[in-house]
Amino acid sequence: MAELVTLTIDGAQVQAEKGALLIDVCKARGIEIPAFCYYEGLALQAACRMCLVEVEKMPKLQPGCTLPVAEGMVVKTDTPVIHEARKSMLEFLLANHPLDCPVCDKGGECELQDMTFRYGLGESRFLENKHHVDEQQWSPVVFFDRPRCILCYRCVRICDEGVGVDALGVVQRGVVSAIAPSHGDHLECDECGMCIDICPVGALTSGMYRYKTRPWEMNHVGTICTHCSNGCKTTLGVRGGQVIRANNRDHSGINGEFLCVKGRFGWDFVNSTERAQSPMLRTNGRLEPVSWSRALMTVARKLNEVKQRGGRVGFIASNHTSNEENYYLQKLARQGLRSNNIDHHRTGDVVTLIDALAGRTDALATVADLYAAKASLVIASDLAQQQPLLHFQLRANWRHHRSRTYVVTPGPVRERKFAVKSLHAEPGRELDAVESLRDDLSKEPELVILFGDAIQGDAVRRLVAFGDSLGIPVKYVCLLDYSNSRGAIDMGLAPGLLPGYRPVAEAGLEPGMTIAEMLADASLDVLWVVGANPLRNARLAAENAFVVVNEMFLAETAQRADVIFPAASAYEKEGTVTNVCGEVQSLKKALKVMGAKTDLEIFGLVAAEMGIDLGPFQPGAVFEEIRREVRGYNVSLPVIATGGAAQSVPLNGRVPALTRAELIQSARDTLFTSGTLGRYSKNLTSVLEHPGKLYASGIETP
Amino acid sequence: MPKINEIIGSAAAIAKGMSVTFREMLNPSITDLYPDAPPLFEERYRGVHVLQRDENGMEKCVACFLCSAACPSECIYIEAAENTDPKRISGGERYASVYNIDYNRCIFCGYCVEACPTDAITHGHGFEIASYNTATLIYRKEQLLAPLPPGAQVPLVVNEEPVGAGH
Ligand code: SF4
Ligand code: SF4
Ligand code: SF4
Ligand code: SF4
Ligand code: SF4
Ligand code: FES
């Protein structure tokens with residue numbers, strides 16, 4: 001327990017931790033001290049002087065944002081002198097402020113507006129003409145309007161301290177000082193938009209949201225980002241059936257204020273003109289739009305026919321569909337068609353990790369653990385590129401708690417900037433390098449180990465054995481690629497595993513074929529591909545196979561399809577997804593795109609058409625079944641229903657060894673790509689750093 | 001006797017009443033001859049809205065959505081778009097690409113006019129909007145806009161001179 005001091009704030013006796021900042025102590029007591037430059041978690045700046053308070057025995061007003069509380073201090077926050085000071089500060093800030101609120105994209109959620117309304121003077125004594133500077137575009141996503149800037153340096157600090165990119169700085173001094181981008185007239189950075197969000201005024205605005213609407217005109221739907229596996233909460237602003245912007249408006253969820261470029265700007269695939277909006281059926285060699293009933297009937301008939309003659313059906317499932325959809329799909333395959341040929345693109349070896357940790361329930365780290373752990377070890381992954389939130393957490397942990405990070409990677413990664421030790425390890429030799437860290441690691445009080453796809457199979461077991469031998473509490477994160485990669489394996493989308501990592505023998509089935517085997521099987525009768533693109537760089541051996549595809553876009557696999565069902569994206573459905581740390585969170589339906597149906601609906605309707613009873617196909621009902629049936633998924637409903645994250649812990653028994661060699665390989669997406677989905681986001685492909693432009697030309701990320 | 005009094009009383013009352021009638025017959029009429037002649041309005045009559053233009057003919061509305069936020073019957077629908085140099089519609093950076101008022105719902109309260117920071121939306125004196133088809137009561141921007149001043153063209157190409165007086 002830290003030392004407590006007693007002070008007086010506005011006549012009331014208050015106890016607070018010694019050294020705490022006055023502004024925080026007041027906030028905790030419900031006393032507002034207005035502030036612009038102070039931002040929790042960032043370095044202190046004391047630039048705006050909005051937070052002035054009176055302290056007895058101090059000659060001048062003091063900034064509350066940098067003043068540590070001390071024993072016997074007597075503070076006043078609500079006196080005429082302070083009111084006067086606030087009015088003057090605001091008048092000063094507004095001296096050259098354009099006050100073009102009606103056309104300013106921040107209008108309606110602007111801190112300067114709020115403060116002026118609450119503490120301001122109402123009129124100005126400055127009658128001089130205002131100095132106008134034209135707006136600048138720094139990147140496709142970031143615009144800067146200099147006269148609106150109040151020089152609070154929040155953007156500079158979040159970019160440097162928070163994101164670790166340091167792409168913004170201050171040029172000049174005094175009244176002419178201004179925020180400027182890293183590369184002359186433009187930004188070369190992560191394009192995450194954190195600076196836009198943190199800017200209290202409309203100085204930094206988003207190129208995607210630019211002049212589209214106003215904050216009160218949108219519906220704000222808090223859902224889970226559909227790109228990488230980190231599971232950030234993103235609030236979609238929706239108006240008239242269109243997504244207009246995304247940010248984490250209320251800073252809720254496991255990511256707080258964080259979002260990377262994909263979560264903040266990579267939503268525009270939803271309203272892409274290339275979306276499939278009608279079912280298609282191949283007639284005379286060409287894909288023709290048909291009605292839903294015709295498409296459903298065709299697929300149901302084909303499946304029944306193949307089932308009756310004992311033919312071979314394969315399912316390639318998705319890394320993006322919800323847990324409910326995954327669960328229902330494997331039910332359709334296993335119960336409906338007695339087929340275990342079901343697989344998805346595996347991007348990390350969770351299965352072996354879960355088996356190696358059998359019997360423990362506290363060995364899987366959460367996203368919050370990465371911010372709290374005293375030490376962490378990153379093996380064979382470029383977190384900043386592939387796991388942006390996890391990187392942000394580790395960085396914040398180092399910034400705030402001086403946590404110790406160890407890095408073992410084949411190439412340079414951004415974590416090396418703050419790591420206490422970084423080792424270079426050739427692919428395949430990572431564990432040797434880890435072994436050489438034994439002395440350092442065993443001195444740490446606790447450890448979180450994050451490992452990429454280079455560690456799989458036996459290497460995972462050796463890693464866990466290494467962790468056990470350290471004699472300290474160790475938690476693990478098996479890194480995965482996509483938004484529901486974890487949910488896909490948890491729900492048994494694997495040829496040898498039922499939901500909850502149970503052996504298929506329990507259901508009286510033989511293990512089925514993997515993706516590679518399905519594609520190579522010349523006698524396959526039906527292949528159903530759900531939200532995946534396996535034919536992007538592979539061939540389907542079965543020339544005559546009937547191919548069904550659930551897709552949003554007519555990418556490579558869809559081109560080979562006999563029937564295409566237009567599918568709804570994660571932003572258009574209810575359900576749950578599980579992030580890389582096994583945290584279950586709920587999706588919220590933000591909009592409806594004409595013509596598309598959710599995958600759950602498609603599976604349900606096909607099953608009904610086939611005459612198979614698989615139970616109701618509503619997300620809520622299926623989730624109830626998952627909570628009952630799937631090991632580890634008996635998570636707290638209230639937590640999930642209120643937008644929280646509940647970790648699923650499937651660690652209570654051995655997992656059967658998978659008998660077939662499985663291909664586990666990360667797709668190596670960068671910060672600016674997102675598999676096939678990312679190709680259809682113009683926002684993502686428009687930034688300079690998108691692979692093929694800046695990124696591919698060899699520019700190191702800082 | 002009482003009967004006579006009653007008769008005299010009634011006659012006096014009629015005479016008094018008719019005197020008002022005859023006097024008014026000689027005064028000029030104040031009844032509007034609408035629809036035979038145009039109706040007269042007080043200056044501040046709140047009729048069908050007019051979206052104003054500035055002296056160059058540019059639309060005054062900058063699509064700030066304040067009118068639609070103020071409207072108690074939620075009958076103003078706006079879509080905003082950005083002005084570009086080749087295509088300049090309004091004086092600000094943004095203009096209303098769609099601006100509809102639904103006269104099925106408008107109660108002519110004038111709150112929208114009150115809210116507008118650029119004096120773009122105003123009440124005109126139009127009132128003949130009755131219709132057998134409610135769909136025609138949704139007025140579009142094109143119906144609401146004031147006529148172009150003589151000599152102006154749309155879209156306007158403006159001479160971009162440095163603006164000294166801020167935005
Ligand atoms: S930054 Fe705020 S105060 Fe300034 S013009 Fe924009 S909305 Fe108005
Ligand atoms: S651009 Fe915004 S966040 Fe950055 S200093 Fe100016 S006002 Fe602050
Ligand atoms: S870190 Fe991952 S989940 Fe979070 S916003 Fe970026 S892509 Fe989405
Ligand atoms: S007059 Fe009143 S009801 Fe009619 S549009 Fe304006 S604010 Fe709405
Ligand atoms: S009419 Fe006025 S209040 Fe309404 S959007 Fe246009 S400028 Fe704003
Ligand atoms: S908040 Fe204290 S000086 Fe800005």
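This is a predicted model: local features need pLDDT of at least 70, side-chain atom pairs count only at pLDDT 80 or more; totals for chains, interfaces and linings use all residues.

User: What domains does the assignment give for chain A?

Analyst: Chain A has domain 1 (4–93), domain 2 (280–347 + 484–579 + 590–621), domain 3 (350–479) and domain 4 (669–702). Such bounds come from an automatic or database domain assignment. Between the C-alpha centres of domain 1 and domain 3 of chain A there are 41 Å.

User: Moving on, is strand 25 of chain A mostly covered or uncovered?

Analyst: Strand 25 (residues 526–530) of chain A is mostly covered, with five of its five residues buried. A strand is a DSSP run of E with at least two residues, a helix is a run of H or I with at least four, and both are numbered from the N terminus. A residue is buried if 20 or more other C-beta atoms, placed from the backbone, lie within 10 Å of its own, exposed if 12 or fewer do, and partly exposed in between.

User: Which way do its side chains point?

Analyst: A:V526, A:W528 and A:V530 point one way from strand 25 of chain A, while A:L527 and A:V529 point the other way.

User: And what does strand 25 of chain A pair with?

Analyst: Strand 25 of chain A pairs in the parallel sense with strand 16 (residues 313–317) of chain A over four bridges, and likewise in the parallel sense with strand 26 (residues 546–551) of chain A over five bridges. Two strands pair if DSSP finds at least two bridges between them. A:V526 stands opposite A:V313 of strand 16 and opposite A:F546 in strand 26 of chain A.

User: Which strands make up the antiparallel sheet?

Analyst: That open sheet has three strands of chain A in the order 11-12-13. Its edge strands, strand 11 (219–224) and strand 13 (242–247) of chain A, each pair on one side only. Strand 12 (residues 233–239) and strand 13 of chain A pair over five bridges, and A:L236 has A:A246 of strand 13 as its bridge partner.

User: New topic: where is A:C51, and why is it called buried?

Analyst: A:C51 is in the loop between helix 1 (22–28) and strand 3 (52–55) of chain A. A:C51 is buried because 28 other C-beta atoms lie within 10 Å. Beyond its neighbours within four places in sequence, A:C51 is in contact with several residues, among them A:I23, A:Y38 and A:C65; contact requires C-beta atoms, placed from the backbone, within 7 Å.

User: What surrounds ligand 5?

Analyst: There are 15 residues around ligand 5, and the closest are B:C61, B:C64, B:C67, B:C116 and B:I121; a residue is near a molecule if its C-beta atom, placed from the backbone, lies within 6 Å of it. The site is shared between chains, because residues from chains A and B surround ligand 5. Its shell divides into 14 nonpolar, one polar and no charged residues. Here Ala, Val, Leu, Ile, Met, Phe, Trp, Tyr, Cys and Pro count as nonpolar, Asp, Glu, Lys and Arg as charged, and the others, Gly among them, as polar.

User: And ligand 2, which residues are closest?

Analyst: The closest are A:C149, A:C152, A:C155, A:C199 and A:A203, out of 14 residues that surround ligand 2.

User: Finally, how many residues are in contact between chains A and B?

Analyst: 14 residues of chain A are in contact with 18 residues of chain B. The side of chain A that touches chain B has five nonpolar, three polar and six charged residues.

Technical notes. Residues are numbered from 1 along each chain as its sequence is written. Chains are lettered from A and ligands numbered from 1 in the order in which they are written. Two residues are in contact if their C-beta atoms, placed from the backbone, lie within 7 Å.
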